[in-house]
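Here is a colleague's note on the model below. Please read it with the coordinates open.

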Amino acid sequence: MNRTFEMVLGIIGMVADFGMAVIGVLSVFLLSFGFDGLFSAYPSLEPLSQLFQVVTVFIWLPIISCAIGGMLAAIATYQIAGNKRPKLAGGLFIASALLSSWLLFTLGAFQSILYVVAAIMCFVRKEDEPSQV
């Protein structure tokens, strides 16, 4: 059975996950380096500096979940290639969607929807049984 559509959805979602992780890492580094000079130049902003450090720690959580979700999607895409284990791939796509879905307040809904559609297709599509004459 040809599982090209599931593979394409998985690859697009995986690229979106890894892309968001890279953008997140770059933004954390740019923000941390940009504000360090501001906080050192104005000592009255010290409470804001501490708040910014706490927020920066919590920004890493969605970045890590994007990376883990992308890795799970890569494993699922590998499992669906050649129709090896579609049920396992569907479960991994669901897990990837759950990891990416809590990023809904950002742009994380896109890859979550792709993962859910791919998972549903993995579970629903059945192999063609040969007709017996």
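This is a predicted model: local features need pLDDT of at least 70, side-chain atom pairs count only at pLDDT 80 or more; totals for chains, interfaces and linings use all residues.

1. The chain has four helices and zero strands. Along the sequence the pattern reads α-α-α-α.

2. The chain has 133 residues, and 35% of them count as buried. Take the contacts with a separation of 6 or more: 75% of these join residues 24 or more positions apart.

3. Aromatic pairs. Two are present in the structure. One is Phe29 with Trp60, in an edge-to-face arrangement. The centres are 6.1 Å apart, and the planes make 75 degrees. That angle is over 60 degrees, so the edge-to-face label applies. Phe29 belongs to helix 1 (residues 4–41) and Trp60 to helix 2 (residues 46–80), so this pair ties together parts 31 residues apart in sequence.

4. Exposure of that pair. Phe29 has 41% relative accessibility and counts as partly exposed. Trp60, at 29%, also counts as partly exposed.

5. The stacked pair. Phe93 and Tyr115 form a stacked aromatic pair, with 6.1 Å centre to centre and 20 degrees between the planes. The stacked label follows because planes under 30 degrees apart count as stacked. Phe93 sits in helix 3 (residues 86–101) and Tyr115 in helix 4 (residues 109–124). The two residues are 22 apart, and the pair links distant parts of the chain.

6. A lysine over a ring. Lys84 lies over the face of Tyr78. The distance from the ring centre is 3.6 Å.

7. Surface. The accessible surface of the chain is about 8,200 Å². Carbon and sulfur atoms hold 76% of that surface.

8. Nonpolar patch. Which residues form the nonpolar patch on the surface? They are Ile94, Leu98, Val116, Ile120, Phe123 and Val124. Together they expose about 510 Å² of accessible area. Helix 3 and helix 4 are the elements that give two or more residues to the patch. Helix 4 gives the most, with four residues.

9. Ile120 is in helix 4. Its relative accessible area is 46%, so Ile120 counts as partly exposed.

Terms used: Residues are numbered from 1 along each chain as its sequence is written. Side-chain values use heavy atoms; hydrogens and water are left out. Rings of Phe, Tyr and Trp (its six-membered ring) pair if their centres lie within 6.5 Å; planes under 30 degrees apart count as stacked, over 60 as edge-to-face and the rest as tilted. Buried means under 20% relative accessible area, exposed over 50%, partly exposed in between (1.4 Å probe, protein chains only). A charge sits over a ring if NZ of Lys or CZ of Arg is within 6 Å of the ring centre and within 35 degrees of the ring normal. Contact means heavy atoms within 4.5 Å. Accessible areas come from the Shrake-Rupley method with a 1.4 Å probe; for residues, only the protein chains shown count as cover. Patches are made of residues with over 30% relative accessible area and no salt bridge: like charges are joined within 9 Å, nonpolar side chains (Val, Leu, Ile, Met, Phe, Trp, Tyr) within 5 Å. A salt bridge is a side-chain nitrogen of Lys or Arg within 4 Å of a carboxyl oxygen of Asp or Glu.
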